[in-house]
Amino acid sequence: MPEDRYTTERDGFGRLLADRVIWRQAGTIPAAGELTARWLEGSSEYQPGTFAPRFDDETRAIAVGLAELNRNGLFTKESQPGVLTEEHAQRAYVTGFCSVESAAALLELSGRTDLVTVAHAPGEASQASIPVTLRDGEVVTVLGSSEGPVGDDQLRDWSQEANESLALVLADAWYVEVFDPVWGRNGVLLPAVLEALAGGEPASQ
């Protein structure tokens, strides 16, 4: 077996095994956030739960902003920019894992701006369905349901994709979903979330 296996070999999804090895050492939300920021900046080709070496084209316009959130206490999981055409409408949103303090800051943000935060305590499930993506008038993406790794299947997946320590940390973390209620709007959500996480006071929208 070549000695450079872990610097050149990729898994079945094209992800670089050398970058996966680094994830084996990430046992905290800040550590996971830093590795996610590197992936968003193009210096890593492995992201747990993303079955491709790089993010999709849609994420390109918001990648820099997402990297900042990941370095400020929100380990992001899902996101999308705002889009508004005749056939396709999206509300900008971001979801992720964080501490109770960060969750409280994002809930407070929701109280002083028109942005909306849905926060899930560790292990909490929700049946809410808030439309955030429409195609030809049909709802195709909703927020409001807890995505935290609260079940055995999710814990196993995070353990395999990252490591068991991080899986247990995420099981005890808060999961937040923050979205802009204005269809198609960009440039508001990510800066406001960043300011809230950093302890700033964004102006009311």
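User: How many helices and strands are in this protein?
Analyst: This is a predicted model. The protein has 8 helices and 8 strands.

User: And how compact is it?
Analyst: Its radius of gyration is 17 Å. The globule rule gives 17 Å for 205 residues, so the protein is as compact as a globular protein of that length. The C-alpha trace spans about 55 × 35 × 30 Å along the principal axes.

User: What share of the residues is buried?
Analyst: Buried residues make up 44% of the 205.

User: What about contacts between residues at least 24 apart?
Analyst: Take the contacts between residues at least 6 apart in sequence. Of these, 65% join residues at least 24 apart.

User: Switching to sheets. What is the strand order in the open sheet of 4 strands?
Analyst: The order is E2-E3-E6-E7, and the pairing is antiparallel.

User: Which strands stand at the edges?
Analyst: E2 and E7 do, and E7 covers residues 138-143. Each has a single partner strand, so one side of each is left without a neighbour in the sheet.

User: How many bridges join E2 to E3?
Analyst: There are 2 bridges, and the two strands run antiparallel. Leucine 84 stands opposite alanine 89 in E3.

User: What sits in the loop between E2 and E3?
Analyst: Glutamate 86 has its place there, with E2 at 83-84 and E3 at 88-90.

User: Is glutamate 86 buried or exposed?
Analyst: Exposed. Its relative accessible area is 79%. The cut-off for exposed is over 50%, so glutamate 86 qualifies.

User: How far is glutamate 86 from valine 118?
Analyst: Their C-alpha atoms are separated by 28 Å. Along the chain the two are 32 residues apart.

User: What do E6 and E7 form?
Analyst: They form a hairpin with 2 residues between them. Aspartate 136 is in the turn. Its phi is positive, about 50°, although aspartate 136 is not a glycine.

User: Buried or exposed, that aspartate 136?
Analyst: Exposed, with a relative accessible area of 61%. Aspartate 136 is in the loop between E6 (130-135) and E7.

User: What about the pairing of E5?
Analyst: E5 is joined to E8 (residues 174-179) by 5 bridges, and they run antiparallel. Histidine 120 has tyrosine 175 in E8 as its bridge partner.

User: How many residues of E5 are buried?
Analyst: 4 of its 5 residues are buried. E5 covers residues 116-120 and is mostly covered.

User: Helices next. How many residues of H4 are buried?
Analyst: 6 of the 8 residues of H4 (residues 63-70) are buried, so H4 is largely enclosed by the rest of the structure. They are Ala63, Gly65, Leu66, Ala67, Leu69 and Asn70.

User: What comes just after H8?
Analyst: Glycine 199 does, with a positive phi of about 90°.

User: Last one. Where is glycine 42?
Analyst: Glycine 42 is in the loop between H3 and H4. At 55% relative accessibility, glycine 42 counts as exposed.

User: How far apart are glycine 42 and arginine 54?
Analyst: They are 7.6 Å apart in space, C-alpha to C-alpha. In sequence they are 12 residues apart.

Notes
Residues numbered from 1 in each chain as written. Predicted model: local features only at pLDDT ≥ 70, side-chain atom pairs only at ≥ 80, totals over all residues. Heavy atoms only, no water. Buried < 20%, exposed > 50% of the residue type's maximum accessible area, 1.4 Å probe, protein only. Rg over C-alpha atoms; globule rule 2.2 N^0.38 Å. Contact = heavy atoms within 4.5 Å. Pairing = 2+ DSSP bridges.
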